[in-house]
Amino acid sequence: SISEGTDIAAEKIDQFAQAYLQVLQLLSDREPELPAAESSAEALKIQQSIESEAISLIQSTGLTVPEYMQILSLVSQDEALQDKVLGRMDDTAEEA
């Protein structure tokens with residue numbers, strides 16, 4: 001488990017950066033489907049589908065969903081960590 005105030009392993013930051021970029025891409029690809037939904041039940045189905053895809057993406061990087069959420073929360077509170085993650089995202093984007 002990742003606790004506040006500890007240095008998150010570089011590997012976890014890499015995994016998080018990779019997962020975060022994939023989840024952002026997923027959202028930008030799939031969110032336009034939501035307004036097109038003809039009922040709230042259909043919208044809910046789309047939302048659940050997006051969520052389950054996001055979970056698969058996160059897990060495929062080697063992180064658990066709780067780890068991902070925890071890092072996401074820490075990143076929003078810690079500027080140094082934010083810079084580290086953004087740096088990894090730039091590297092990841094260049095490798096892609």
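Residues are classed as buried at under 20% relative accessible area, as exposed at over 50% and as partly exposed in between (1.4 Å probe, protein chains only). The model is predicted, so that local features need pLDDT of at least 70 and side-chain atom pairs count only at pLDDT 80 or more, while totals for chains, interfaces and linings use all residues. Residues are numbered from 1 along each chain as its sequence is written, and side-chain values use heavy atoms, with hydrogens and water left out.

Helices are DSSP runs (H or I, at least four residues) numbered from the N terminus. Helix α4 comprises 13 residues, 65-77. Its buried residues are Glu 67, Tyr 68, Ile 71, Leu 74 and Val 75. The face turned away from the buried side carries the exposed residues Pro 66, Ser 76 and Gln 77.

Tyr 68 has a relative accessible area of 4% and is therefore buried; Phe 16, at 1%, is also buried. The rings of Phe 16 and Tyr 68 form a tilted pair, 5.0 Å centre to centre with 35° between the planes. Rings of Phe, Tyr and Trp (its six-membered ring) pair if their centres lie within 6.5 Å; planes under 30 degrees apart count as stacked, over 60 as edge-to-face and the rest as tilted. This pair links helix α1 to helix α4 across 52 residues. Ring pairs join Phe 16, Tyr 20 and Tyr 68 into a cluster.

Definitions and conventions
Helices (H or I, at least four residues) and strands (E, at least two) are DSSP runs, numbered from the N terminus. The expected span of a helix is 1.5 Å times one less than its number of residues.
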